[in-house]
Amino acid sequence: MINKIWCFFILIAIVFGFINGTYEEVNNSIFSSISSTLELVITLFGSMCFWSGIMNIVKNTSFINKIQKILAPIIKILFPDLKKESEVYKDISMNMTSNIIGLGNAATPCGLKAIEGLQGSNSSKNKLSNNMILFILINTASIQLIPTTIISIRMGLGSKNPTGIIVGVWFASIISFLFIVFVCKIYFKFRKEG
Amino acid sequence: MRVIEFFSKNAILIFILIVVLFGIREKKNIFSLFLNGVIEGEKMVIELFPTLLALIVAVGMLNSSGVIEIISKIISPILNFFNINEALAPLILLRPISGSTTTAIATSLMSKYGPDSDIGLIASCIMGATETTIYVASIYSSKVKIKDIKEVIIIGLLADFVGVVISVISYNIGIIG
C-alpha cells in the first residue's frame, strides 16, 4: 500500500510540476524537505525517548492493573458473552490497556492473539463475527491517555502549548468511540451471524 | 473552561506525578526502568527515520507542485459543509491508509501554518483522535484470513469522520489551543 502511495506521490509531483510550471519549486522542495526531516527527527528524538521511558515505568508498576480494572466494566458492556477468566478476555483487556497508554508496539501482538481467540469461537470461519467486528473497530478508535507522538511533533515545531490539544483529542476520540459502539450495537441487532 | 485549560496544560505533570508515585510505592527502580524505556524509544525513532524521510520529501514535492490545492478544491464543497479548512483535505483523505504519511503531512502543515494556528491545532487533534482504520482492519482480518471486511471499513471510516468533525468543533468551542 505505502509503496504505491509513495510512487504515486513522486510521479504526480514531477509530472504535475512540469505541466503546471512548478518544476523548480518541486526540485527545491526535495532539499528543503530533507533538512526539515532531519530537524524534526532531532527534536522528536528527545521527546519520543522521554515518553517511551515514562511509559516503561507504567508498564512495570501496578498502574497498568489499575487501568485494566477501570476497563473491566467497559469490556463487560462491549463483549457481554466473554468470560472474565478466558484467554481472549485477557488479550482484549491487555490490547485496550496498551492502546490507552500509547504502547502501540505492545497492543498489536495481544490484539492479534485476541482476534485469533475470537475466531476460535466464530461459527462461520470466513465471515467476521459480531465480536470480531467490534474488536477491530475499537482498535481503529485510537483512545489514548497522552497522544505522545503528536505532542512530540508540536514540541519540535516550537508550539507555545504543545499539550493544549489533549482535552480536544479525548473529546473527539471518545465521541467517535461511542459512535462505533452505538452503530455496532444497532447493526448487530439486524445482522445474521454465521 | 478554566478546568479544561488547567487540565490540558498540566495533564502531563499530573500523569508523571502519578506514575512516579506508583513506582515509589512499589519500590521499583524507577530510574533504570526509565532508561530502559528510553533505549526502546531510541530504536523507535531510528526505525521511523527512513519512512519519515521518504514521505516528508514526497509530500513536500507534492505540496510544491500545486496538485494538492487542486484536489482540495474538488472536495471543498463537502469540507465547507462541515466547516473544515481545505488545507486539511490531504490529511483527512490519507489518514485511514497510512500513519507515517499523515504524520509527514501533519508535520508539514504545522511547519507551514504554525503548530498553534487553527490548522495546526485541528491537524494535531485529528492525528490524536483518529486511527489508520483501513490499515488496522486489514492487519487484523488477514491474521484470521477473512477477506470480507466491508462492514468494518464503512463503520470505521464514518467514525474517523466523526472524529474529524468533532476536532473542528473542539477548536471552535475553544477546548483546544
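B:Lys27 lies in the loop between H1 and H2 of chain B; helices are DSSP runs (H or I, at least four residues) numbered from the N terminus. The model is predicted, so local features need pLDDT of at least 70 and side-chain atom pairs count only at pLDDT 80 or more, while totals for chains, interfaces and linings use all residues. Residues are numbered from 1 along each chain as its sequence is written, and chains are lettered from A in the order in which they are written.

Phi of B:Lys27 is near 50°, a positive value in a residue other than glycine. Most residues other than glycine have a negative phi. B:Lys27 counts as exposed because it has 7 C-beta neighbours inside 10 Å. B:Lys145 sits in the loop between H7 and H8 of chain B. Its phi is near 55°, again positive in a residue other than glycine. With 9 C-beta neighbours inside 10 Å, B:Lys145 counts as exposed.

Chain B contributes 83 residues to the contact and chain A contributes 81. Contact here requires C-beta atoms, placed from the backbone, within 7 Å. H2(B) gives the most to the side of chain B that touches chain A, with 27 residues.

The largest nonpolar core holds 92 residues. Such a core is a set of buried Ala, Val, Leu, Ile, Met, Phe, Trp, Tyr and Cys residues joined through C-beta atoms within 7 Å. A:Leu137, B:Ala123 and B:Cys125 touch the most other members. Helix H2 (residues 30–65) of chain B gives the most to this core, with 11 residues. Not counting residues up to four places away in sequence, B:Cys125 touches residues of chain A, including A:Ile165 and A:Ala172, and residues of chain B, including B:Ser167 and B:Tyr171.

Helices H5 (residues 99–113) and H6 (residues 118–129) of chain B pack at an angle of about 160°, with their axes 9 Å apart. Axes are lines fitted to C-alpha atoms, for helices over the stretch in contact, and angles run from 0 to 180 degrees between N-to-C directions. H5(B) is therefore roughly antiparallel to H6(B), the term for angles over 145 degrees. B:Ala106 and B:Leu109 are among the H5(B) residues at this packing, and B:Ala123 is one of those in H6(B).

Conventions. Buried ≥ 20, exposed ≤ 12 C-beta atoms within 10 Å, placed from the backbone. Helix = DSSP H or I, 4+ residues; strand = E, 2+ residues; numbered from the N terminus. Contact = placed C-beta atoms within 7 Å. Parallel < 35°, antiparallel > 145°, perpendicular 65-115°, else oblique.
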